[in-house]
Amino acid sequence: MSTPSADPGTPSPAVAAPVGDPAAVLDSGQGGGRRGSLGPVGLVLAGGLSVQFGAALAVTLMPRAGALGVVTLRLAVAAVVMLLVCRPRLRGHSRADWGTVVVFGAAMAGMNGLFYQAVDRIPLGPAVTLEVIGPLALSVIASRRAVNLVWAGLALAGVFLLGGGGFDGLDPAGAAFALAAGAMWAAYIVFSARTGRRFPQADGLALAMGVGALLFLPLGIVESGAELIDPVTLGLGAGVALLSSVLPYTLELLALRRLPAPTFAVLMSLEPAIAAGAGFLVLDQALSAAQSAAIALVVAASIGAVRTQVGRRKRRAPAVS
């Protein structure tokens, strides 16, 4: 996803809905014409590359620290950095505010944990492709438009092709973990938006990262133990956190100041293709022709769903006299 997402391969929390309904959160994005958009587009693409190559680095770290240990290091380091930078205010929030940020943090932790379990079993490109199904399904359900059934059909065709007609070509557990990570990504999108409405700037994100790190810490300790504080492991884990969380969040926040929401959302829809490239270059995970076609179908479905949603909002927007 990315990502975030989120990394996701998980998505970036810089935006509440990178694939599903980006216009709902980012309608304030300003475009500066085609030439003015080139810089922000580069920032978003750089953020996507950072997320996916960070995920590839995480895969190389798993033999040392395990999937749960890598997630623990990523969340912990990213949380420390975000909390130091944002310095969120702890007082003055209602019980509902804290409930929202706790659920957001739990969704973030679940999304990361499930995704890393997936990439421990299946190639990075297919894992991100399956994960994207969650936000795509959220977009289709939320829009309630017949045309989105086309995008859903394309995505399902891609998933069917990716699994060789029944997931014979992929580890079934890995595929299941990736799909579950996608479901958590959809929940992450919903609670990211709610947290953004309740907390100023990135305060809610920083607090949610802290919650996610605390929730995952016992799992990381049980699986990896003292390996988590090994200097080499800790250094590589910090690299994963910086590449997969801190750097892409910063780049995307800078880009969103000048980049229109539709452009941002379409670029985020390219994450599966970027992940496939990172898996090939870093992990030597070559894809078959069928898997490449499957990824292309899911990317096309994501872009189509985003453009349909944006077009609907434009038609509903009142004319300015």
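**View 1. Arg87 in the loop between α2 and α3.** Arg87 sits in the loop that joins α2 to α3, where helices are DSSP runs of H or I of at least four residues, strands are E runs of at least two, and both are numbered from the N terminus. The model is a predicted one, in which local features need pLDDT of at least 70 and side-chain atom pairs count only at pLDDT 80 or more, whereas totals for chains, interfaces and linings use all residues. Residues are numbered from 1 along each chain as its sequence is written, and side-chain values use heavy atoms, with hydrogens and water left out. Phi of Arg87 is near 45°, a positive value in a residue other than glycine. Arg87 counts as exposed because its relative accessibility is 70%, the classes being buried under 20% relative accessible area, exposed over 50% and partly exposed in between (1.4 Å probe, protein chains only).

**View 2. His93 in the loop between α2 (33-86) and α3 (95-119)****.** With a relative accessible area of 16%, His93 is buried. A polar atom of the His93 side chain lies 2.8 Å from the backbone oxygen of Arg89. When neighbours within four places in sequence are left aside, His93 is in contact with Trp98 and Phe199, contact being heavy atoms within 4.5 Å.

**View 3. Helix α6 (residues 172-198) and its N-terminal cap****.** Helix α6 has 27 residues and reaches 39 Å from its first C-alpha to its last, close to the expected 39 Å, a span calculated as 1.5 Å times one less than the number of residues. The buried residues of α6 include Gly174, Ala178, Gly182, Trp185, Tyr188 and Ile189.

**View 4. Phe280 in helix α10 (residues 271-283)****.** Phe280 is partly exposed, with a relative accessible area of 46%. Together with Leu281 and Val282, Phe280 forms a nonpolar surface patch with about 310 Å² of accessible area; areas come from the Shrake-Rupley method with a 1.4 Å probe, and for residues only the protein chains shown count as cover.

**View 5. Asp284 in the loop between α10 and α11 (289-316)****.** Although Asp284 is not a glycine, its phi is positive, at about 60°. Asp284 is exposed, with a relative accessible area of 63%.

How values were computed
Patch = residues over 30% accessible without salt bridge, like charges linked within 9 Å, V, L, I, M, F, W, Y side chains within 5 Å. Salt bridge = Lys/Arg side-chain N within 4 Å of Asp/Glu carboxyl O. Polar contact = N/O pair within 3.5 Å; in protein donor to acceptor, adjacent residues only side chain to side chain.
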